[in-house]
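Colleague: Could you take me through the charged pairs in this one? I'd like to go pair by pair.

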Amino acid sequence: MARTSSRSNDWGFPRWRGYGSGRETTTVRLCDRHGCEEPGNCPAPKSPNSPDRWYFCETHAGEYNRGYNYFEGLSAEEAAARESDETRDASGFANAKHYAWGGPGDGTRSRDELHALEALGVDSDADLETIKSAWRRLAKENHPDVRPGDADAAVKFQAVQAAYEVLRRADEQREWRPR
């Protein structure tokens, strides 16, 4: 009857290593690029829709992904459909909403907000005062009372109003107000 050892691998107190650390060797996966000796901790698919992965170091992973086009081989309609399906639920970016100072590249502005900023003709990192001034200017230029009978101006006026409403509500959501 073989019995396993009940002695610990630690030599009593004081503990010289942290809890959970052991003396066993750890395996390090090397980069799959031929001749590279760096640790390979960046997985990359060997082919589309394949569970097999390459494991590259950071430099070779960047080289591998440099010319990658996610929508390659799709028509414009198929690419738009795939993009809308994948961005329908943006709850993963909700944890970055508190970075309101970070600008548009960090997920603080939704796609609707970016389209609204484009409709108003302002930069993507514009503040509310700039947005208000652009909205007032465009509303005065395209107001139906100023340009009666002009259908294009009426459509532009409605687009400007909708864009400002989207941006105003988004700014209200960002500000914390006690109830």
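Colleague: How far apart along helix H5 are Arg-168 and Glu-172?

Modeller: They are four residues apart in helix H5 (residues 151-174), so about one helical turn separates them; helices here are DSSP runs of H or I with at least four residues, numbered from the N terminus. This is a predicted model, in which local features need pLDDT of at least 70 and side-chain atom pairs count only at pLDDT 80 or more, while totals for chains, interfaces and linings use all residues. Residues are numbered from 1 along each chain as its sequence is written, and side-chain values use heavy atoms, with hydrogens and water left out.

Colleague: What do the side chains of Arg-168 and Glu-172 form?

Modeller: They meet in a salt bridge at 2.5 Å, N to O, the term meaning a side-chain nitrogen of Lys or Arg within 4 Å of a carboxyl oxygen of Asp or Glu. Arg-168 counts as partly exposed at 26% relative accessibility, and Glu-172 is also partly exposed, with 35% (buried is under 20% relative accessible area, exposed over 50%, partly exposed in between, with a 1.4 Å probe and protein chains only). Salt bridges with shared partners join Glu-165, Arg-168, Arg-169 and Glu-172 into one network.

Colleague: How many salt bridges does the structure hold?

Modeller: The structure holds nine. One of them pairs Arg-111 with Glu-83, with 2.7 Å between the closest N and O atoms, and this pair links distant parts of the chain, 28 residues apart, from helix H3 (residues 111-120) to helix H2 (residues 76-87).

Colleague: And Arg-109 with Glu-113, buried or exposed?

Modeller: Both Arg-109 and Glu-113 are buried, and the closest N and O atoms of their salt bridge are 3.5 Å apart.

Terms used
Helix = DSSP H or I, 4+ residues; strand = E, 2+ residues; numbered from the N terminus.
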